[in-house]
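Dear colleague,

Please find below the structure that I am handing over to you. My findings follow directly after it.

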Protein chains: 2
Amino acid sequence: MSLDDRKLDVLRAIVQDYVATQEPVGSKALVERHHLRVSPATIRNDMAVLEDEGYIRQPHTSAGRVPTDRGYRLFVDKLSRIKPLTPAERRAIERFLVGAVDLDDVVHRTVRLLAQLTRQVAVVQFPSLSRSSVRHLELVPVSTTRVMLVMIADTGRVEQRLVELPTPIPEPDVLRLRTAINEKLGGQRLVDTPPLVQDLVEETEVGLRAAMAALATVLLETLVERTEERIALAGTANLTRGGILDFQGSLRPILEALEEEVVLLKLIGSAEPDPTVTRVLIGDENEIEHLRATSVISTGYGPGSTVVGGMGVLGPTRMDYPGTIATVSAVARYVGEILAQN
Amino acid sequence: MSLDDRKLDVLRAIVQDYVATQEPVGSKALVERHHLRVSPATIRNDMAVLEDEGYIRQPHTSAGRVPTDRGYRLFVDKLSRIKPLTPAERRAIERFLVGAVDLDDVVHRTVRLLAQLTRQVAVVQFPSLSRSSVRHLELVPVSTTRVMLVMIADTGRVEQRLVELPTPIPEPDVLRLRTAINEKLGGQRLVDTPPLVQDLVEETEVGLRAAMAALATVLLETLVERTEERIALAGTANLTRGGILDFQGSLRPILEALEEEVVLLKLIGSAEPDPTVTRVLIGDENEIEHLRATSVISTGYGPGSTVVGGMGVLGPTRMDYPGTIATVSAVARYVGEILAQN
DNA sequence: GACTGGCACTCACAAAGACCGAGTGCCAGC
DNA sequence: GCTGGCACTCGGTCTTTGTGAGTGCCAGTC
């Protein structure tokens, strides 16, 4: 049985009312608040159908209806239009993000901004090393057998590692190594570097090859293995809004999950190459068991059309999807512009 | 009226029982569980006195007694002995902290360890720049008018900033600037650098002085103003243990306070020069209004007898003070040893 | 004077019952 | 296909009652 237009209207109205009031919504209240031009009895029939189809359910007999995860999904996919941001929100975004002094600052400001605007928990992944490219590599001699390797990515992120050299190397040679490395790797995307690093060792003059090999090992670690994705989090206090009614009783598992970086990365960092797409995961669509009572809205961001990281918000399934989606998308776009300006 | 020994015993017993059971403790239960060799009626008299003196109170008539903040304070100061760690705990600490690859890793492991051992919220301040000294300063040319300034502190912490130069500077000159800066500032404690930076500009040859001035500005920001103390946090999920009974109802203000770095720094980072001292703030002794229902146990840490940062835990006033104090002290000591090994 | 046993009293909490009303499903009629 | 009417359900709220842990006080004992 397919749903006719009025039934869809009813579902939309139920979702909107429930999100707004956080209370099961009944047929009478629906006709009153939305100008559906039929009687409550008719709505009741429609509701019965929607319930059969699994879009809504009754917490108990003699209560109103509540959307199911499936209902929210239909709502998000078909029944809602992305809410344009208010001018006030736009201004808030701009005001918040201008004046960031460096990359870390941008990320911290962004995560707070997101939490504040959406009134949910916000998560922002620091620009991932693996998706950015090398701006510069620097070798800083610390002693005759130790060199500090500093890598600067085009996103502004900096990584440093200490390298033990097998034999002492005079400073001029260190400079030559540096030049060789920069010529080979400068401007390359990190994902593409491993074979180049390999070449690098082979092309090095014999006398310095051992040293270059040592550097290469660390380089590979830094560039690839140690992806070490950092994450910023804000707005956990928003979990307590609306009592503990959301989240079926306990905040515990959610707070625990939020402390696991791996979990967060899975949520917002998954491979989505297109930064203009905003993903929505509703309730049990979520793969992390303890977050089955939450919805996640996430997107990628980065300068131009590339993606260097993810960001998103997490909240109860009962959330304002159109508004939140709009906010997340807009913030991601602004941050992308800021990154592009460097 | 001064308290005789038995009254102190009674207070100690009340604190212990209440911490263990989280329920108001009555006179009868008290005589049964502790071998006080008197009758419940006697204990009741003692309790009445303790209540008059403000060490305990009754949630309501016909309920047992609960320690007040003042009662906990007396308990901590006079009535408890620091619990020695169990061998299992010692082993846990060692196992957790060996294998840390760099400074960030040490801090992250530490904060998790603390949260896990104490079952409270743990906070660790990253080694503060202002209390450490300069190991090396590096200038990396990014373009002809932009230089990346990288500072490496002796704690292993790295800070970087992008500097706009007023005029293009050829690379060899950048190297000379670098040398000059390093000679002047290398090995200096950060607190001592500001006057040196001043000298630096004056001693620079005229042609480069404008560039050096630009660098100096950023240097000062980096070294001093932007102390930007980073903080690691873990174990927020522990706030939900024991229901919401602790924290008089709402986690909200606590979660909010925990997101304010400034607040956290005030809590654990305050000026305590002696790393062997562990501070205990109980309930309303706390200066942050929203944390009046919590206790904070904190200490400084650092290599040897210097302090480069603070760490601590935060929990309900109803907490195991002797055990928690012991754990925090021990962890801080171990971390200090690890830092000293570099 | 310090401790104790006894006793009347208080009061939060739990269980049981009564009530209310929003909301439902169904059906006959338009 | 929609509507008004109606009997029914049942969670939530409010009241009542009972229970028991715990208290304060007092007279008596060591």
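In this predicted model, 20 residues of chain B are in contact with 21 residues of chain A; two residues are in contact if their C-beta atoms, placed from the backbone, lie within 7 Å. On the chain B side, strand S4 (134–143), strand S5 (146–153), strand S6 (158–164) and helix H10 (252–259) each supply at least two residues that touch chain A. Helices (H or I, at least four residues) and strands (E, at least two) are DSSP runs, numbered from the N terminus. By class, this side of chain B comprises 10 nonpolar, 5 polar and 5 charged residues. Here Ala, Val, Leu, Ile, Met, Phe, Trp, Tyr, Cys and Pro count as nonpolar, Asp, Glu, Lys and Arg as charged, and the others, Gly among them, as polar.

The copies meet through the same surface, because 95% of the interface residues of chain B are also interface residues in chain A. Chain B is superposed on chain A by a rotation of 179° with 0.6 Å of shift along its axis, at an RMSD of 0.6 Å. The two copies are therefore related as by a two-fold rotation axis. The superposition is by least squares on the C-alpha atoms of residues with pLDDT of at least 70 in both.

As to conventions, residues are numbered from 1 along each chain as its sequence is written, while chains are lettered from A and ligands numbered from 1 in the order in which they are written. Because the model is predicted, local features need pLDDT of at least 70 and side-chain atom pairs count only at pLDDT 80 or more, whereas totals for chains, interfaces and linings use all residues.

One residue of strand S4 of chain B is B:Val142. Contacts of B:Val142, leaving aside residues up to four places away in sequence, are A:Arg135, A:His136, B:Val147 and B:Met148. B:Val142 is partly exposed, with 14 other C-beta atoms within 10 Å (buried means 20 or more such atoms, exposed 12 or fewer, and partly exposed in between, with C-beta atoms placed from the backbone).

In chain A, 3 strands form an open antiparallel sheet in the order S4-S5-S6; two strands pair if DSSP finds at least two bridges between them. Strands S4 (134–143) and S6 (158–164) of chain A stand at the edges with a single partner strand each, so one side of each is left without a neighbour in the sheet. Strand S5 (residues 146–153) of chain A is joined to S6(A) by 7 bridges, and A:Arg146 has A:Glu164 as its bridge partner in S6(A). Helix H7 (residues 171–185) of chain A lies across S4 and S5 of chain A, at about 165° to S4(A). Axes are lines fitted to C-alpha atoms, for helices over the stretch in contact, and angles run from 0 to 180 degrees between N-to-C directions.

A residue is near a molecule or strand if its C-beta atom, placed from the backbone, lies within 6 Å of it. H3(B) gives the most to the surface near DNA strand D, with 4 residues. That surface divides into 8 nonpolar, 9 polar and 3 charged residues.

Around DNA strand C there are 20 residues, of which A:Gly26, B:Val38, B:Thr42, B:Thr61 and B:Ser62 come nearest. Here the largest share, 4 residues, comes from H3(A). The surface near DNA strand C has 7 nonpolar, 10 polar and 3 charged residues.

With kind regards
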